[in-house]
Amino acid sequence: MTTLIAARNLQKVYGDVIALAGIDLEITEGVTGLLGANGAGKSTAIKLFLGLIQPTAGTAEVLGVDAASTVEVRSRLGYMPEHDCLPGNVSAAEFLTHMAELSGLPPNHARSRAADTLRHVGLFEERYRPMGGYSTGMKQRVKLAQTLVHDPALVLLDEPTAGLDPGGREEMLTLIKRTGDEFGISLMLSSHLMGDIERTCESIVVLDEGRVVEMGPVTSFTEETEAIAVEVDENREELIAALKERGVEPLVDGSSIIVEGVIGDQYDLIRDALVAANAPLRRMAPRRHELTEIFERDVE
Amino acid sequence: MTTPRAGQPGRSGEVFDIGYQNYEGPREGRRRARRAVYKEGIRIALGIGRGGRAKIMPWAFIIAVAIPALVLALIAGTVDRLTGGLGDEVVDLPSHGDYYGIASVIFLIFAASVGPELLCPDRRDRVINLYLVRPITGTDYILARWAAFLTIMTLVAWLPQLVLLAGLAFGAENPGTYLQDNWADIPRFLASGFTLAVYVTGIALVVASFTTRRAYAAVFIIGIFVISLPFAEGLSGDIGGTVGEYLSLLNFGQIPLLMNDIIFNEKNLATENTLATQLPKLTQIAWYAFMTVGPFLLMWRRYWKITP
């Protein structure tokens with residue numbers, strides 16, 4: 001796997017505030033989540049990776065180049081800021097063409113890439129309308145499109161679902177997943193929403209107070225546990241009582257009944273309890289950890 | 001899906017969704033990015049690629065700047081024909097040297113109205129953040145924008161002089177002879193127009209670099225010129241002498257006209273009573289340089305370390 005970002009003892013201090021306290025990390029191809037609460041150091045890390053600010057100490061190598069030493073590397077990077085950043089009186093086609101040229105593409109190539117990219121994000125039909133009349137979801141898609149128009153090797157997304165309604169959020173996450181899976185473009189997604197990271201990312205870096213507290217594949221954080229989650233349509237209380245009669249102490253987590261330490265013939269025990277309680281089974285599956293639990297554990 | 005083509009039963013076409021394509025073409029990096037900022041600056045200044053309303057202001061001013069030249073050219077031609085080639089002796093017609101004295105107010109309003117459009121919306125809409133994450137620096141951005149507006153201002157300054165030249169030449173009995181006799185006016189008005197453009201570009205953009213609101217910038221720029229005129233001229237007239245001559249330099253609207261006088265080696269209609277013209281030419285040139293380089297450096301300072 002090619003290393004896209006390599007931070008070594010990367011530190012950034014603003015006066016008395018330590019934004020990043022000497023982090024070491026390597027980001028490889030694929031979709032990576034940069035997770036952390038507000039003030040964890042995510043935005044500072046992104047600015048350092050883009051070479052927009054100088055580190056107090058250490059280095060940030062992006063695509064094999066020291067990000068602080070040259071602006072040329074940004075020709076192969078895309079960045080989507082969290083906040084609004086689109087001019088209202090310009091069409092998406094004009095805007096994307098200009099953004100492609102700004103990334104170094106000649107005008108004729110920029111024009112055709114702009115049209116193609118708008119098609120990929122589902123805005124082809126709307127491309128000649130001034131962006132001032134776009135919905136929040138459409139604007140967010142233009143923001144994503146401007147990161148892709150020059151076919152970058154790596155795209156950095158800062159809180160890409162901020163301000164979106166549930167439908168818009170769903171669309172954006174699907175688009176991000178497609179960008180990683182189908183377009184073959186690597187992404188780094190900064191977010192404080194664990195659901196977004198869990199849905200889209202293959203690996204994760206958890207930052208807290210300027211430090212890396214966890215790093216690795218998302219699957220290692222969401223692996224199966226030795227617990228079974230059972231959901232029934234009715235007779236929930238009867239099932240709990242039936243399990244207790246058989247010497248099992250179940251936990252209740254929302255709509256699920258969790259039976260821990262399940263091994264071997266305990267599956268038969270759950271089956272017998274379901275029959276005894278006359279509880280119609282909706283779902284029974286090994287329970288997985290959730291990123292929320294890991295994050296909460298690390299920041300405590 | 002296979003679809004037979006109408007009229008050609010033997011031929012068929014297939015439609016494929018070729019999906020996302022990687023870009024394999026040339027990448028021209030920072031050089032292309034600077035040119036893109038420059039080109040976009042030109043387009044913004046002229047309202048190209050924007051709605052109809054964005055075009056009204058610049059083109060109205062361009063026409064307004066050219067109209068006095070057109071009128072002067074028509075009058076000169078008519079008078080010359082009516083007097084049988086004795087126009088100069090019958091009527092004291094304004095010359096190329098006088099033109100900026102007559103029309104400089106329109107240039108200043110043009111710069112105040114259009115100049116801020118090149119900088120303010122980028123910061124107000126935060127589009128600047130998308131520029132700065134591409135292969136350019138804040139310095140590249142501001143230099144390219146400055147060069148774009150200077151290009152527009154220079155062309156707008158030259159346009160009416162060329163109209164006037166054409167009018168005077170074709171109004172004369174023999175255009176060839178007229179151009180032969182007056183060829184020296186051409187480099188003079190080109191130089192004078194350029195000094196005017198450099199000055200107003202710097203003032204307009206430095207003010208625009210301090211606000212995100214185009215209207216505030218426009219009002220402030222016009223205010224500088226309007227207030228400095230009675231202040232400097234009134235005060236310098238009352239005090240008089242050398243101090244009055246130096247105080248007269250504070251009439252910011254007349255600074256490029258002092259250069260115009262030096263280039264044409266004659267006073268124009270607007271500087272006839274200006275005390276600053278009594279100062280040594282070197283002092284006037286130094287003041288012009290200060291008022292041009294100063295705003296430029298201030299504007300550059302605002303952008304050279306700008307980060308999203």
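# Salt bridges and the A–B contact

A:E231, A:D233, A:R282 and A:R283 are linked in a network of salt bridges (a salt bridge is a side-chain nitrogen of Lys or Arg within 4 Å of a carboxyl oxygen of Asp or Glu). This is a predicted model, in which local features need pLDDT of at least 70 and side-chain atom pairs count only at pLDDT 80 or more, while totals for chains, interfaces and linings use all residues. Residues are numbered from 1 along each chain as its sequence is written, chains are lettered from A and ligands numbered from 1 in the order in which they are written, and side-chain values use heavy atoms, with hydrogens and water left out. Over all chains, the search finds 23 salt bridges.

**Contact between chain A and chain B**

- Chain A puts 41 residues into the contact and chain B 36 residues, with contact meaning heavy atoms within 4.5 Å.
- About 3500 Å² is buried between the two chains, and carbon and sulfur atoms give 56% of that area (buried area is the accessible area, with a 1.4 Å probe, that two parts lose on being put together, summed over both).
- Between chain A and chain B there are 2 salt bridges; one of them joins the side chains of A:E94 and B:R43 at 2.5 Å, N to O.
- On the side of chain A that touches chain B, the elements giving two or more residues are α2 (92-102), α3 (107-120) and α4 (136-148) of chain A (helices, H or I, of at least four residues and strands, E, of at least two are DSSP runs, numbered from the N terminus).
- The largest share of that side, 6 residues, comes from α2(A).
- By residue type, the side of chain A that touches chain B has 20 nonpolar, 11 polar and 10 charged residues (Ala, Val, Leu, Ile, Met, Phe, Trp, Tyr, Cys and Pro count as nonpolar, Asp, Glu, Lys and Arg as charged, and the others, Gly among them, as polar).

**Salt bridges within a chain**

- B:R43 also forms a salt bridge with B:E40, the closest N and O atoms being 3.6 Å apart.
- B:E40 and B:R43 are separated by about one helical turn, because they are 3 residues apart in helix α1 (residues 29-46) of chain B.
- B:E40 is buried at a relative accessible area of 8% (buried means under 20% relative accessible area, exposed over 50%, partly exposed in between, with a 1.4 Å probe and protein chains only).
- A:R141 and A:E171 form a salt bridge in which the closest N and O atoms are 3.8 Å apart.
- A:R141 lies in helix α4 and A:E171 in helix α5 (residues 166-181) of chain A, so this pair ties together parts 30 residues apart in sequence.
- A:R141 is buried, with a relative accessible area of 18%, whereas A:E171 is partly exposed at 45%.
- The side chains of A:R178 and A:E182 meet in a salt bridge at 3.3 Å, N to O; A:R178 is partly exposed at 27% and A:E182 is exposed at 54%.

**Loop and backbone details in chain A**

- A:E202 sits in the loop between α6 (194-200) and β9 (203-208) of chain A and is partly exposed, with a relative accessible area of 38%.
- Not counting residues up to four places away in sequence, A:E202 touches A:E29, A:G30, A:V31, A:D181, A:P217 and A:V218.
- A:N9, in strand β1 (residues 3-14) of chain A, has a positive phi near 45 degrees although it is not glycine.
- A:E209 likewise has a positive phi near 45 degrees; A:E209 lies in the loop between β9 and β10 (211-217) of chain A.

**Chain B**

- The secondary structure of chain B comes to 13 helices and 2 strands.
- Of the 308 residues in chain B, 48% are buried.
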